[in-house]
Amino acid sequence: MGTPESVVATETKAAGAAPSRARRLVNSLVWAVSVPLMFTVAAWLAQFPSVGIYVGVVLALGTFAVAATVVGGIWHRAGAAVLVSCAGFALTLFAGPGLYELYMKTLGEQVPAVVTKVEDRDEKQYCTVEETAGDHAMHEISQQQNCFDHIKRLQRVTLRKDPMGILEPRLPDGPDQEGQTALTLAISGGLFVVTGASMFYAGQRRR
């Protein structure tokens, strides 16, 4: 049987171990949520024209650098660092377009319009579209806003316009694009989970 001093030391060590495990759990959860969330926010900001694109890119690169440093350099989990980096980068590629399409399809204002020009520039297709109501506003729309081969000159279309007037208008989907938004969002959700789970695992198994 141990001495009273050894018993007290053992009890003190056991009492201190529980809070330490709890702190590690909470810390891992915070990282597991914040890192994929920041990648998603960066992807969404990149959909905004001009300044938003640069802010989104800077935020994505900053999140990438911090996550890789923490997981690989501080927690010493190289494999998890690679997985977080790859999944996080892919998340920014899928989440931005998926959220943009969902937002425009759900809340976008429907405006009748006609396509006045379709042209190829720098190996990309651009559509010039004129609204047929109101002030007959003109819009030059790129492939990012769905200007693909299903859009033809003089075709009548229904534009989706951002009610806040910040995002670029979006052309309707073609026959072969049905379900693509749901698929993009599903892939984004999966990448979000993979990124968060990798962060959580690395945080729990840190060295």
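Predicted model: local features only at pLDDT ≥ 70, side-chain atom pairs only at ≥ 80, totals over all residues.

Residues are numbered from 1 along each chain as its sequence is written, and side-chain values use heavy atoms, with hydrogens and water left out.

Strand β1 (residues 109-121) pairs with β2 in the antiparallel sense over eight bridges, where strands are DSSP runs of E of at least two residues, helices are runs of H or I of at least four, and both are numbered from the N terminus; two strands count as paired if DSSP finds at least two bridges between them. Asp120 stands opposite Gln125 in β2, and in this hairpin, with two residues between the strands, Asp122 takes a positive phi near 55 degrees. β2 also pairs with strand β3 (residues 138-141), again antiparallel, over four bridges, with Val129 opposite His139 in β3. Six residues separate β2 from β3 in their hairpin, and Gly134 in the turn has a positive phi of about 65 degrees. Strand β2 (residues 124-131) is mostly covered, six of its eight residues being buried, that is, under 20% relative accessible area with a 1.4 Å probe and protein chains only.

As for pockets, a pocket is an open set of points on a 1 Å grid over the protein atoms alone, where a 1.4 Å probe fits, with protein on both sides within 12 Å along at least five of seven lines, and its lining residues have an atom within 4 Å of a point. Of the 16 residues lining the largest pocket, Val57, Ala60, Phe89, Thr92 and Leu93 lie nearest its centre.

Methods: Buried < 20%, exposed > 50% of the residue type's maximum accessible area, 1.4 Å probe, protein only.
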